[in-house]
Amino acid sequence: MKCRDYIFQLTSGQLEDAGTATQIAAWQHRMICFRCRAFTRNDRALQDMLKGYGEHLQTPPAPPAKPTDS
Ligand SMILES: [Zn+2]
């Protein structure tokens with residue numbers, strides 16, 4: 001597995017759905033490649049941040065104030 005393949009699979013989410021062989025290849029690549037290791041760490045942190053942000057965005061807004069009839 002090359003860095004480009006690894007990064008692509010990681011960022012596209014394919015790694016999570018990949019078969020065992022691919023996951024082992026990815027794991028081996030992280031073991032030998034400190035750049036992808038660092039990238040994975042950053043990517044995970046970013047995903048967590050985005051996830052938290054998404055949940056924040058999905059909280060329903062307060063209902064709009066009803067116009068008074070007067
Ligand atoms: Zn790499």
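Residues are numbered from 1 along each chain as its sequence is written, and side-chain values use heavy atoms, with hydrogens and water left out. In this predicted model, local features need pLDDT of at least 70 and side-chain atom pairs count only at pLDDT 80 or more, whereas totals for chains, interfaces and linings use all residues.

**View 1. The largest nonpolar core.** Six residues, Y6, L10, L15, A26, C33 and C36, make up this core, a core being a set of buried Ala, Val, Leu, Ile, Met, Phe, Trp, Tyr and Cys residues joined through side-chain atoms within 4.5 Å. Beyond its neighbours within four places in sequence, L15 is in contact (heavy atoms within 4.5 Å) with Y6, Q9, L10, T22, Q23, A26 and R30.

View 2. C36 is buried, with a relative accessible area of 3%, while C3, at 37%, counts as partly exposed; buried means under 20%, exposed over 50%, and partly exposed in between, with a 1.4 Å probe and protein chains only. The model has zero disulfides, a disulfide being a pair of cysteine sulfur atoms within 2.5 Å.

**View 3. M31 in its helix.** M31 belongs to helix α3, residues 20-32, where helices are DSSP runs of H or I with at least four residues, numbered from the N terminus. M31 counts as partly exposed because its relative accessibility is 46%.

View 4. S70 lies in the segment after α4 (34-58) and is exposed, at 92% relative accessibility. From S70 to Q58 the separation is 12 residues in sequence and 34 Å in space, C-alpha to C-alpha.

Terms used: Helices (H or I, at least four residues) and strands (E, at least two) are DSSP runs, numbered from the N terminus.
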